[in-house]
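Me: I would like to go through the terms used for this model and ask what each of them rests on.

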Amino acid sequence: MIYPEKIEKDDLIGITATSMGCISKFDIKKLELAKLKLKELGFSSLETPNVKSNKKFVSSAGIKRAKEFLSLWKRNDIKLIMQLRGGEFLMEMIPYLDRNLLGKCSPKWVTGYSDSSLLNFYLTTNFNIATLTGPNIREYAMKPFATFLNYQLELLQNDIVLQNSFDFYEDDPLKESLEYHFTKPVCYKSLYNAEKIIIKGRLIGGCLEAISSIIGTKYDVTEEFCKSFPEGMLWYLDIYDANPLTLTRQLWQMKEANWFSNTNGVIIGRTKAIKEVLDYTYLDSLHKTFDSLNIPVIYDIDIGHVMPSFSIINGSVGTFIYENGKGSLKQEKI
């Protein structure tokens, strides 16, 4: 696994909109506050032109998004590229990413979640470059500065980082708020009612709706990537809004594409999605997918859209420990 250089204070951070851009005055305010926070933390930043534009769910055409991302990737003075936000159609830029350029330049850390996690997934599975699924740059505007954001920075600066489950999560975030409201108790759950589980493996995953979009395309080398690690894989999934029926279809695709063929276990984040359609539930979907695989599955974890959220390095070796509704994730850059 190729790990980009650790970031240090005074480093230049690139910001680009690989999916949606800013769509309101509040979005622009949030971006500017986030950049001020980066400055306060000791970093300078540079944004691409598409960050402050948006039309029909994208900041710009796929070819332009790829060009602006690569403009940052080529620069030797940038060690970290932070994606602005998620969205719906990041996959449109993948065909325009120059594979020769991606492999030739010194690798950089790329961070983001939601739709943005597809770019991370693509870079790691296709080029063996470690990437980080975690808060987009916009989260850095929130006050007070949350512990889970510090986790992201620690992972970019250290070889081993341990993240522990949080006490409360944000069940109903306020619209256009700059504050988190963590009020609902965190409780991890085992799909098979285990009291304690320890899973170790090479981490890979992202937002289910985003990463599943490349299944069967020429950009999908996931089966080969996963089979290349004798220690086995530890999958993590962030389910945004897929109802149980859609979720079953997407997980079925992953399973039939042999994405889970070398898997030691799966950890799944909290979801905002509808959890029941008629008599078919979210848990029905998970059981239909995983019962035949005979692997541990832990869900409602601090991963994804429902904050707070762990930061996870694709390609790192993770050890996840679950016990009595809580848990921890240790990641090692080996």
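Me: What makes Leu234 the bridge partner of Gly265 in a pair of strands?
Reply: Leu234 has Gly265 of β12 as its bridge partner, and β11 (residues 233-238) and β12 (residues 263-269) run parallel over five bridges. Two strands pair if DSSP finds at least two bridges between them, so these strands count as paired; strands are DSSP runs of E with at least two residues, and helices are runs of H or I with at least four, numbered from the N terminus. This is a predicted model, in which local features need pLDDT of at least 70 and side-chain atom pairs count only at pLDDT 80 or more, while totals for chains, interfaces and linings use all residues. Residues are numbered from 1 along each chain as its sequence is written, and side-chain values use heavy atoms, with hydrogens and water left out.

Me: Why are β6 and β9 said to stand at the edges?
Reply: The open, mixed sheet has eight strands in the order β6-β18-β17-β10-β11-β12-β15-β9. Because β6 (160-164) and β9 (189-190) each have a single partner strand, one side of each lacks a neighbour in the sheet.

Me: Which residues of α8 are called buried, and what covers them?
Reply: Pro244, Leu247, Thr248, Gln250, Leu251 and Met254 are buried, that is, under 20% relative accessible area with a 1.4 Å probe and protein chains only. Their cover includes β11 and α9 (282-290).

Definitions and conventions
Buried means under 20% relative accessible area, exposed over 50%, partly exposed in between (1.4 Å probe, protein chains only). Contact means heavy atoms within 4.5 Å.
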